[in-house]
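Visitor: Please take a close look at one part of this model for me.

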Amino acid sequence: MTTKTDVGTMFTMPSLGADMTEGRITEWLVQPGDHVERGQIVVIVETDKSDIEVEVFEPADVAELLVAAGDLVPVGTPIAVFEPVDPRRATTKHTAASRDEAPDTADAPSPARTPSLAPAPTPSPSPHAGAAAAHVTSPMIRHLVDELHVDPRRVQGSGPGGRVHRADVEAAAAASRRPKVSPRARRLMSECGIDPAVFDATSYVTGDDVLARASGPRRPAPAVCEQPSKADRMRTHIAELMTRSWAEIPHFHLAKRIDLGALTERLAEANEARALSDRVVPGALLLCAAARAAAMVPACNGWWVDGRFRPADDVRLGVVLSLRSGGILVPTIDRADEQTPFDMMKRLSELVQRARQGRLRASDMGEATITVTNLGDLGADSVAGVIHPPQVALVGFGAVHDEVSIIDAMPAIRPVVHASLAGDHRAIDGLTGSRYLTQLQSQLAGPLLEELS
Amino acid sequence: MSTLDADTRSAMLHDMVFVRRFEERCAQLYQQTKIRGFLHLYVGEEAIATGVCRLLRPDDAVVATYREHGHALMKGVSPESVMAEMFGRIDGCSGGRGGSMHLFDAEHRFYGGNAIVAGGLPIAVGLALAEKLAGSDRVTTCFFGEGAMAEGEFHESMNLAALWDLPVLFCCENNRYAMGTALARSEAQTDLALRASGYGMPAWSVDGMDVEAVVDSTERALTSIRAGAGPVFLEFQTYRFRAHSMYDPELYRDKGEVAEWREHDPIHALFDRMVADGQIEPDGLSAIEAEVDAEIERAVDFADASPIEDVATLERHVYAPTLEEVAR
Amino acid sequence: MSTDNETVQMTGREAMREAMRQAMLSDDRVFLMGEDVGAYGGCFAVSAGMLDEFGPSRVRDTPLSESAFVGAGIGAAMGGMRPIVEIMTVNFSLLALDQIMNNAATLRHMSGGQVGVPLVIRMTTGGGRQLAAQHSHSLDGWYGHIPGLKIVAPGTIDDFRWMLGPALADPDPVIIFENGGLYGATGEVSQTDPGFPLNRASVRRAGRDLSLITFGGTLPTCLEAADQLATHGVEAEVIDLRSLRPIDDETIIDSISRTHRAIVVDEGWKSVGLSGEIAARIMEQAFYELDAPVARVCTAEIPLPYPHHLELAAMPSVERIVDTAARVMQGEAVAAAVA
Amino acid sequence: MNARQIILDAIERIAPDVDVAVLPPDVDFREEAELDSMDFLGVLTAVHEATGIEVPETDYAQIISIDRFTDYLSNRMQSV
C-alpha cells in the first residue's frame, strides 16, 4: 500500500485479513539502498493467522525503514519510504509539488478515466458575500449562462466593477457540476474509504466504478487484544470465527452422493500420460467443480453483510488447508472458476507448500466468496461444515472412497464422494442449496471430463 | 289468521320486550360514550325480527343490514357477544372488529349486518344458490329496508333469485323513511309488494306491527320456499319510533306521525290481546321488563369486563391464517 | 411413460379451459358462473364445450347483473361452494366493485375471522385489440390495493394452466387477470403441476445489467426487449411478478442487488399505479443497490384510443422499453409521462 | 543409498512431525503417517528426485507398506 508524498512513496502496514487491525513486522527482506522490482517480497508481516509475505507493486529504491522488526503497528501506519524508480515517475518527482497535474496513476487500478479535477471550491452563494450578485450584462454572457444551466447568483464577476467575463461563467458552471454518484456508489465509497473527489466531476459514478478502484478489503476490522503465542493466536482466531459463525448464521446442511467412476477413470488415463510433477489429484477436480458451480449459482457466491446478501462479481475460492501441526489456514484462489484441472493442481500445490512453510502471500489472502473444506483421503466419508462469515455457503467433500452402487439394477463397486453444502438460511434456502449440489454433480460429469483428455 | 297459544305469545312478548329494552340501553350507553361510531336502533320494528326468526331453523342463514341488533338477538347471537361487539371488545361476536353494523356469528349462520344499502342481497342469493346446488331445504332470509329497493343490486338479486328458483325469503322492513327520505319521494311505485311480484315470485304486504300476522305470513312463505317453489317477498309495514341513527335530528317527519304510529306499538298490541284473552295479568309487563333489564345488565357487565384487542394482532383477519400462524 | 416435465403445446384459452375442466372433474363444489359462459361457450371461447360436459347447473349463464352474480358467487362461497365467477372484462367489473371490495375482501375482517370467501374471479384485461376506451382498461393494479384480496396475472401459457388450482384451494378470494392478447398465444404447458407457489415471482430470463419487472400481457414484450438489448451487450433480467398482491419483494430485491438498475413495465397508467408501488418498494429496500433511478414504462395517461397506431403508441412497446433501458444504463432519470 | 533410507527421508521431508524411525514397516504408511494425496504425491516426488524413478498410479498398490515400497524401489533401481 503506497501513498504518494512530496518526498517519495510512503509504504504503509497493509491490511491482510478481514479481521486485521494491526500487524507485527517479523522480518525486513530489504535494506535502505536496495532496489526492488514489482511483485518482490519486501517484508514478512505476522498476523493472527500466519506470517504473510508482503510484496511491492511498483519498482522502487528503498530509501528508509521506519518500523523495526518485532514492532506492532496499526494497519495504515507508514513503515518504510520507497523512492519510485520509473522513467515516467521520475519526471513527476521534480514537479511533485503541484500534485494536481500529476497523472492520476495512483496505486489502485483506476478505471480508464481522464485525470480527476479536484472540484474548485464553490463560491458561497449567500447574497451578503461582498460584491453585489454579479450583474449579468451582455447578451452573449446571458446566453452562455442559460446554455450551461448556471445560476446567475453563483457567477463571480472578475472584471472591473464586477463585470462578468466568459471565464467567470465557465468557472461557475464547472463548480456547480457535481459528479452524479449513485446511492450504491456512495455506499461502497464509504465502505471502501474512497474519497469521492477521485472521480471526475462530470462523470456518472456507479458502484462498479468504485469497486474497480477499491483494492483493500471492505470491512472494518474488530479490535485485537494482546499477543498470545502464534499458535494460540491462530487457535483463538479460528475459535472466534467459528463461534461467531455458529452464533449468527442459521445453518442448514444438504448432502449429495456423487459417482466419480467416469472421472477417476479419465483422471487415471490423464495421469498415466503425464510426468509425476504434472500429476493431478482428485481434490483439484473437486475444487474446479466447486468453483464452477458457484459461478452457475451466484446466490451462493457472496457475502451476507448488514442484513443483506451482496453477490460477488467473481469466484474467489477459499480452500481450507489443515496444517500437519494442527489448525487450519484458508488461502484463496482467484478466478477459481476459470482454472483448468491442471492449473488448479498447480495453484493448489503452490498454496499447500507456502501454507505449510507459513509463507502465504498477501495475494493468497484475499476475501473468499465461497469456501471449500476438503478432508482429503484420510478423513470422514462426509462432513457438514461451519460457514466462514461473511460468506453464505461452505462446500464439504468427504474422502473419495468405493461404495456399492446400483447400476442398471445390478450392484457395482463405484468410487463416490459425499459432497455437502452448509448454507446460511438468511441468504439462501434449500432450493438454492440443492441447485448448487446438482450443478456440482454435473460439473464433475461434464466439462471437467473433456478438459482432462 | 290462527291465534297463537299462550306460551308462544308470552315467549314472543318476552323477546320483543328484550329487544326493545336492549336497544334503549344501547342508546344510553352511546351517550355515555361506551358505544361509538354509528348506531341504528330497531325500536318499533321488533315484531318482524321476533316473528320471522322464531320460525327459522338454526341451520337457516340470515343476512341483515346495519339496523341488525334485533335480527342478531332473535337468530340466537348472545346478548353478551352483541354488547361486547359494540364496546369493541375481543369477546364481541365479531371479535370487536365489526361493531354495531357488522355483527357476525358463523355458528348461528348470522352473516352480518351490511352497511352498504342492498349490499347484502346478492350475498343472500349466493347463500341460497349454494343450498340449491347442495340439494338442501335450508332457507336464506334477507332483511332490508324499503330504501334498498331503489338500488340496482335489489333488481339484479330479485331477478336472479326468481330466475334460478333460489330458496330466499326477501323481508322488506318498510319503515316509510330511507334515512331522511320519505318513501313517496324515492319510489315511483310505492306498492312495494306489487313491484316485487313483477319478478315472478309470490309477494304480499304484512302488518309489521302485529307479531302474529308476521308469524302467519312467514310460515306460509317458508313452507312454499322449502317445497322448492323459489323465493318469496314479504313487505312488512312498520315504523321506527327513534331516529334513523344517533346523529339524526329527525326534521323529515313530524311528531304527530310518530305519536300516531306509537299507537300501534307491537308490544302493546300483543300485550293487550293477551290480557283480553286472560293470558297475562294487566301489570305483567313490568315483571317482564325487570327480568329483561337484569339480563341486559349482565350483558353490559360482560362487555365492560371484556378486554380490548392487543395492537400486536392488528393485521389479523385479513387473510385466512396460514398453517404456521394457526400453530402459533 | 411421460417424464414429469414433459410439455405440450396449448393456447391460453385451451390452458385455462383445461384448468377449469380438471377443477370441476375433481371437486364437485366447483362451478362456473358468468355472462355467456355456457351456451355461447364464453365471450373469448374459454369455456367452449363445458356446458355439454357439466350441464347448466354447474356452468351457469347469468343475466347481465355483475353485482348480483358476483355477490351470489361470494354468498355461494360462504355457503361452502368453490365458485369460479367469470367477469367478461375488467372494464365491467366496476359494476361489481362494491361486492368485491365491501364484501368479498372485507367479510373475513368484519366477522372477526369467522367468515371466509373461497372464491375465484376471472377477468380479461388489457388493450391492444382496438376495442377503444371502455373495453381496453388495465385495472389489475387497482385491485392490488385492496387488503383481503389476492391478485394474480398469468403471463405464460403454463401459468394459464396451473394457477387456477391453487387459486381455488385458497380460503380467500383470488382474482385472476387474464390478458386478452394471450388467449390466442401458444406456449409450452407442463403435463403435471409444477407446484410453483401462487405468490412468488419468477425470473423468466437471467441477466446482470438491468432488471425488467413486469407481469401478464407485457411479459412477452419485455422478453423481446431483453433479446434486443442483448444484441447491444446489455443483459436484461426479466422478472414475471405473477402475483400483484402480495408482491414478491424478495425476488425483486434479489434481482436488483445483482443488476443495480430497474425498469417497471405495466400496461396500467403510471399515475398512482402499481408501477409506482414497485418503484417505492425498490427505493425502500434496495436504495443503496441502485446505480440509476428506477424507470417506469406504462400506458400513456389517456383512455385508450380506437386507431391502432395511436393505441400502439400509447401502450408499453419493445421500442420504448429498449430506449428507456439505454437511458437508464447511463444513469438518466426517465420521468417523462409517456416514456 | 539404499531404497529404504530414500523412502524414509522422503516421508520425513513431507511430514517432519512424523518419527520415521518408529514407523512400522509392514503397515499402510500413508494411514500411519496421515499422508493425504497431496503429501503422498510429495513423497513420490522426493523419491523421484533421489532416484529418477517415477511410480505410476497403477503401481500404488505395490508400495502400500515401507517394506513393499523398498522391494519395489530396489527392483526398479537394479533394472534401470
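Visitor: For residues 1–6 of chain A, how many contacts beyond four places in sequence does the model have, and under what value does pLDDT stay there?

Guide: This is a predicted model, in which local features need pLDDT of at least 70, side-chain atom pairs count only at pLDDT 80 or more, and totals for chains, interfaces and linings use all residues. Residues are numbered from 1 along each chain as its sequence is written, while chains are lettered from A and ligands numbered from 1 in the order in which they are written.

Over residues 1–6 of chain A, pLDDT (the predictor's confidence in each residue, from 0 to 100) stays under 50, and the model has 16 contacts beyond four places in sequence for them; a contact requires C-beta atoms, placed from the backbone, within 7 Å. Residues 217–228 of chain A also stay under 50, with 18 such contacts. For chain A as a whole the mean pLDDT is 75, and 70 or more is reached by 76% of the residues.

Chain A holds 11 helices and 22 strands. Of its contacts with a separation of 6 or more, 63% join residues 24 or more positions apart. Of the 453 residues in chain A, 34% are buried, that is, with 20 or more other C-beta atoms within 10 Å of their own.

As for cores, the largest nonpolar one has 191 residues, and Y111(B) and L212(C) are among those with the most contacts inside it. Apart from it lies another core, of 96 residues, including V81(A), A293(A), V315(A) and V395(A). A nonpolar core joins buried Ala, Val, Leu, Ile, Met, Phe, Trp, Tyr and Cys residues through C-beta atoms within 7 Å.

Between chains, 14 residues of chain A are in contact with 11 residues of chain C.

Technical notes. Buried ≥ 20, exposed ≤ 12 C-beta atoms within 10 Å, placed from the backbone. Contact = placed C-beta atoms within 7 Å. Helix = DSSP H or I, 4+ residues; strand = E, 2+ residues; numbered from the N terminus.
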